[in-house]
Amino acid sequence: MGIMSELFTDAKFVFRIRSKLMQRQKGLDRLAPKKGDVAPDFTLSDITGTEIVTLSDFRGKKPVALIFGSYT
């Protein structure tokens, strides 16, 4: 098998996988909140782990910024 044949086979594989992933993402996008939607309610513990915080407790009182990430 020549290099060009291998590259063509690899490219077909990549396009096939990419197509499947794009279809899956479109399905997930339909479930995502849209601009202007009310955020879904959830409950978490605070940064110290000592207090339970629920998003809806802040609704109409003060702005809430949600930051998801890793600081390691």
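Is Thr54 buried or exposed, and at what relative accessibility? At 16% relative accessibility, Thr54 counts as buried, since buried means under 20% relative accessible area. The legends below refer to a predicted model.

**View 1. Confidence across the predicted model.** The protein has an average pLDDT of 87, and 97% of its residues reach a score of at least 70. Confidence is lowest in H1, where the mean is 88, and highest in E2, where the mean is 93. Where pLDDT is low, the predicted coordinates should not be read in detail.

View 2. Thr54 belongs to strand E2, which covers residues 52–54, and its relative accessibility of 16% places it in the buried class. Once residues up to four places away in sequence are set aside, Thr54 touches Asp41, Phe42 and Thr43. With Thr43, the side chain of Thr54 also makes a side-chain to side-chain polar contact of 3.0 Å.

**View 3. Asp46 in the loop between strands E1 and E2.** Asp46 sits in the loop that lies between strand E1 (43–45) and E2, and with a relative accessible area of 23% it is partly exposed. A polar atom of the Asp46 side chain lies 2.8 Å from the backbone nitrogen of Gly49. When neighbours within four places in sequence are left aside, Asp46 is in contact with Glu51 and Val53.

**View 4. A nonpolar surface patch that includes Leu21.** Phe13, Val14, Ile17 and Leu21 form a nonpolar patch on the surface, and together these residues present about 360 Å² of accessible area. Leu21 is found in helix H1, which spans residues 3–31. Taken individually, Leu21 has 47% relative accessibility and therefore counts as partly exposed.

**View 5. Gln25 and Asp29, joined through their side chains.** Gln25 lies in helix H1, and a polar contact of 2.8 Å joins its side chain to that of Asp29.

View 6. Phe8 is found in helix H1 and is exposed, because its relative accessible area is 53% and the exposed class begins over 50%. Between Phe8 and Arg30 there are 33 Å in space, taken from C-alpha to C-alpha, while in sequence these two residues are 22 residues apart.

**View 7. Arg16 in helix H1, with its separation from Leu44.** Arg16 has its place in helix H1 and, with a relative accessible area of 47%, is partly exposed. Arg16 and Leu44 are 28 residues apart in sequence, and their C-alpha atoms are 39 Å apart in space.

Notes:
Residues are numbered from 1 along each chain as its sequence is written. This is a predicted model: local features need pLDDT of at least 70, side-chain atom pairs count only at pLDDT 80 or more; totals for chains, interfaces and linings use all residues. Side-chain values use heavy atoms; hydrogens and water are left out. Patches are made of residues with over 30% relative accessible area and no salt bridge: like charges are joined within 9 Å, nonpolar side chains (Val, Leu, Ile, Met, Phe, Trp, Tyr) within 5 Å. Accessible areas come from the Shrake-Rupley method with a 1.4 Å probe; for residues, only the protein chains shown count as cover. A salt bridge is a side-chain nitrogen of Lys or Arg within 4 Å of a carboxyl oxygen of Asp or Glu. Helices (H or I, at least four residues) and strands (E, at least two) are DSSP runs, numbered from the N terminus. Buried means under 20% relative accessible area, exposed over 50%, partly exposed in between (1.4 Å probe, protein chains only). A polar contact is a pair of N or O atoms within 3.5 Å; within protein, one must be able to donate a hydrogen and the other to accept it, and residues adjacent in sequence count only if both atoms are side-chain atoms. Contact means heavy atoms within 4.5 Å. pLDDT is the predictor's confidence in each residue, from 0 to 100.
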